[in-house]
Amino acid sequence: MYILKLCERQTSFLLLLTISLTALVVPPSLAQTPSIPLPSSAPLELDLLTKPKDYVITANTINPERLTVPSLWWAQQNSEKKLLDNWIAYPASDKEPARVDLIVNQQIWSLLDYVERYNFVNRLGSAARNFGYNLRVFNYQKEPLATYTCNFSTSPASCSIQTTVKNKIGLQRSL
C-alpha cells in the first residue's frame, strides 16, 4: 500500500513538473504572436524573363509614365559585385500574396559567407517588404537559396529570413 501511494505521488510530482516546465518553455506571449506564413511553393518561371506576361515585372520592365512597383533597380545597381542578375515580381492573387523572385549569379553567391548572404537578403527583402512583397532568392538552376517572408497583417509587418546552405558534399539544409 505504501509503495502504491509513493508511486502515485511520484507520478503526480512528475506531471506537475512537466506542466510547470512547459509553461516556462512556451511563454503565453508566443501563443498570441501571429505566425509568419510559409514562403510560396510556386515554381520559379524563368521563361518570364524573356517572355513576360502583363501581370509580372522584371528588371527589364520600364513604365515610362510612373514608377514601376516594386522598384529594385537601385538595389540591383548597388548589389555586391553584380550579385543580383534579374527578378520577377508577381502581384498578389487570390491564392498567393505578392512576391518577388530574385535570380542571383551563383558564382558570386557561393563566394559570400553566411553574414553577407543574410545582409543581401535582408536588404532586398526590406525593399520588397516596403512595396508589400515577399521575396525568394534562386539561382539559374532554379534552386531555392533564401526567402524573406512577412505577415503583412501585423503592424509593423513581422518577417522571417530563411536560407539554405550546401555543405561540402553538396547536400542542402535550411537554416
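The protein exposes about 11,700 Å², of which carbon and sulfur atoms supply 60%. The model is a predicted one. Of the 175 residues of the protein, 33% count as buried. Five helices and seven strands are assigned, and along the sequence these elements follow the pattern α-α-β-α-β-β-α-α-β-β-β-β. Among contacts between residues at least 6 apart in sequence, 54% join residues at least 24 apart.

Strand S2 comprises residues 84-90. Six of its seven residues are buried, so S2 is largely enclosed by the rest of the structure. Pairing was found with strands S1 and S3. With S1 (residues 57-58), S2 pairs in the antiparallel sense over two bridges; here Thr58 stands opposite Ile88 of S2. With S3 (residues 99-104), the pairing is likewise antiparallel and runs over six bridges. Within this second pairing, Tyr90 has Arg99 in S3 as its bridge partner.

Asp85 also belongs to S2. The relative accessible area of Asp85 is 28%; because buried residues must fall under 20% and exposed ones over 50%, Asp85 is classed as partly exposed. In sequence, Asp85 and Val104 are separated by 19 residues, while their C-alpha atoms lie 5.2 Å apart in space. Val104 falls within the range of S3, residues 99-104, the strand that pairs with S2 in the antiparallel sense.

Conventions
Residues numbered from 1 in each chain as written. Predicted model: local features only at pLDDT ≥ 70, side-chain atom pairs only at ≥ 80, totals over all residues. Heavy atoms only, no water. Helix = DSSP H or I, 4+ residues; strand = E, 2+ residues; numbered from the N terminus. Buried < 20%, exposed > 50% of the residue type's maximum accessible area, 1.4 Å probe, protein only. Pairing = 2+ DSSP bridges. Contact = heavy atoms within 4.5 Å. Areas by Shrake-Rupley, 256 points an atom, 1.4 Å probe, with all protein chains shown as cover.
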